Amino acid sequence: MDFQIECLQAHNEYRNKHGVPPLKLSKEMSKISQEWANYLIKKNVLQHSNNREYGENLFCIQSSNPHFTISGKEAVDNWYEEIKCHKFGVEPNSLASGHFTQVVWKDSRELGVAYAKTGGKVVVVANYSPSGNIIGHFAENVLPPIGLHANNNNIELSDDISKLSITTPKHLHRIDQNITEGNFEEDFLEAHNNYRRRHGVPPLKLDKKLCKYSEEWARHLAARNILEHRPGSNYGENIYCLYSSDPNFTVNGHTPVDTWYEERKHHPFGREPSSLKSGHFSQVRIAGRGRGQELAGEHLRGGELLPAGNFVGHYVENVPPVKPAFYGDTAKRRDSPGMVEKREDANECCGEFSQFALDALKVHNEYRRRHGVPELTLSQKLCAFAQDWADTCARTSSLQHRANCPYGENIFSVYSSDFSHTPTARDAVKEWYDEVKQHAFGVEKVNQSTLHFTQVVWRSSAQLGVGVAKNKKGQTYVVANYDPRGNYIGQFVENVPRPRP
């Protein structure tokens with residue numbers, strides 16, 4: 001019941017944001033949800049039921065930790081995140097936001113929810129009555145969050161719709177107002193090329209002719225309070241609009257490019273897309289020359305790209321995935337034997353090590369300080385070693401230790417039906433450390449169920465290597481290697497001290 005209550009509360013918090021009536025929990029519907037959740041966990045599949053009476057949302061997540069579980073709120077949060085894909089006020093051309101729209105569907109009144117679990121795998125089933133996602137009824141049932149159009153709210157608008165009328169307070173109609181921070185053009189270009197390097201495509205260069213061309217259209221849009229692409233343009237074009245009621249509001253050159261690049265999560269690398277949900281991102285990626293220029297007091301930004309991108313039939317060759325990325329998105333690449341592969345798979349890269357590895361080091365040392373043992377340092381050699389095995393685990397979809405490994409080794413794995421989900425370094429290290437609850441301090445007896453924890457805090461270990469890889473099945477693998485290795489029989493008492501009070 002705790003799980004069901006959490007789910008209900010999370011649903012109604014989100015529904016309240018959209019100004020729609022709360023749901024009520026139905027025991028009868030929850031029983032039906034439970035039956036289907038049990039079936040899915042038993043058959044090890046994830047598919048919708050044949051029940052046409054109710055709407056249905058599914059969620060699945062898996063961890064290598066057999067005691068892993070989730071709260072009712074986590075599943076609902078996952079469904080609601082699809083709001084990023086939804087266009088309010090129009091009928092959708094796909095159900096990319098179908099979980100979200102069912103959560104906030106105005107006419108739905110009752111909720112049935114249940115979960116089933118085996119080992120570290122959890123499946124959640126939610127049923128809704130009346131059913132949502134009825135074609136022709138989205139505009140009236142999926143309302144935007146309350147206050148979305150209020151003047152005291154900062155609203156980000158993209159050019160997903162071909163034409164959009166913008167209502168702006170009169171005091172913001174100052175076309176020549178300086179609304180940029182720093183050197184906007186240089187920052188704008190730098191942001192493009194930082195992202196392009198991630199994907200292994202050539203950098204852009206500023207073009208004076210295109211700068212002037214962009215500026216003309218920007219001023220046209222600002223003067224007419226509209227947001228639309230230039231008709232008949234021979235160039236690729238991205239448009240960005242940001243409104244603020246603060247007359248002193250400014251924006252830097254990275255802001256619009258970051259917004260466009262966020263569409264990466266919607267792009268189907270390796271095949272032609274069925275929609276242009278990632279059209280701004282793919283244009284940022286395609287080779288050419290480009291530039292961005294401030295547009296007006298409405299805080300509009302526009303960019304022209306030459307040659308144009310987003311040509312049907314040419315996405316695969318022009319929009320490569322991050323290089324290097326999670327296993328399966330691109331081939332592995334080493335500059336020379338023993339060199340660390342500089343990966344962007346953990347969002348950012350900092351110096352010699354990925355941000356994921358740096359985060360893992362930080363969490364390891366937080367736990368090690370609890371036990372009064374020396375901190376670890378990252379090793380390029382160990383990171384390359386760990387990454388190689390993480391890639392192997394992802395390629396083979398198997399969770400097993402490397403044979404004859406000369407280092408200590410911890411492995412973590414998680415599966416999510418949301419393929420864009422990636423665990424944090426803290427998720428992995430915390431799961432290993434949580435075995436502390438089962439460890440008997442002060443004895444030399446080897447407990448097989450706490451060996452991840454003991455390796456994390458093993459006093460004699462000095463260096464750490466971390467690798468992470470994700471395959472296209474939604475499975476993520478994290479590998480950590482330690483030097484010198486830990487977990488030697490007869491050395492536990494001296495190397496695994498109790499946590500400090």
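Author: Buried means under 20% relative accessible area, exposed means over 50%, and partly exposed lies in between, with a 1.4 Å probe and protein chains only. The model is a predicted one, in which local features need pLDDT of at least 70, side-chain atom pairs count only at pLDDT 80 or more, and totals for chains, interfaces and linings use all residues. Residues are numbered from 1 along each chain as its sequence is written, and side-chain values use heavy atoms, with hydrogens and water left out.

Reader: Why is Thr101 called buried?

Author: The relative accessible area of Thr101 is 1%, so Thr101 counts as buried. Thr101 belongs to helix H4 (residues 98–103); helices are DSSP runs of H or I with at least four residues, strands are runs of E with at least two, and both are numbered from the N terminus.

Reader: What does Thr101 contact, leaving aside its neighbours within four places in sequence?

Author: His86, Asn133, Phe138 and Val142 are in contact with Thr101, where contact means heavy atoms within 4.5 Å.

Reader: Is Gln34 buried, exposed or partly exposed?

Author: Gln34 has a relative accessible area of 29% and is therefore partly exposed. Gln34 lies in helix H2 (residues 27–43) and touches Ala114, Tyr115 and Ala116, residues up to four places away in sequence not being counted. The C-alpha atoms of Gln34 and Ala116 are 7.3 Å apart, although 82 residues separate the two along the chain.

Reader: What makes helices H6 and H8 roughly parallel?

Author: The axes of H6 (residues 184–198) and H8 (residues 254–261) cross at roughly 30° and come within 8 Å. Axes are lines fitted to C-alpha atoms, for helices over the stretch in contact, and angles run from 0 to 180 degrees between N-to-C directions. Angles under 35 degrees count as roughly parallel, over 145 as roughly antiparallel, 65 to 115 as roughly perpendicular and the rest as oblique; H6 and H8 are therefore roughly parallel to each other.

Reader: Which residues of H6 and H8 meet?

Author: Among them are Phe184, Phe188 and Tyr195 in H6, and Pro256, Val257 and Trp260 in H8. By class, this contact has 8 nonpolar, 3 polar and 4 charged residues. Ala, Val, Leu, Ile, Met, Phe, Trp, Tyr, Cys and Pro count as nonpolar, Asp, Glu, Lys and Arg as charged, and the others, Gly among them, as polar.

Reader: How do you know that S14 is mostly covered?

Author: In S14, 9 of its 9 residues are buried. Gly408, Asn410, Phe412, Val414 and Ser416 point one way, and Glu409, Ile411, Ser413 and Tyr415 the other way.

Reader: What makes S14 a partner of strands S2 and S16?

Author: Two strands pair if DSSP finds at least two bridges between them. Strand S2 (residues 55–63) is joined to S14 (residues 408–416) by 3 bridges, so the two strands pair, and they run antiparallel. Gln62 stands opposite Tyr415, and Ile61 opposite Ser416. S14 and S16 pair over 8 bridges, also in the antiparallel sense; the partner of Asn410 in S16 is Ala480.

Reader: Where do these strands fall in the sheet's order?

Author: The open sheet has 8 strands in the order S1-S3-S4-S2-S14-S16-S15-S13, with mixed pairing. S1 (24–25) and S13 (377–378) are the edge strands, each pairing on one side only.
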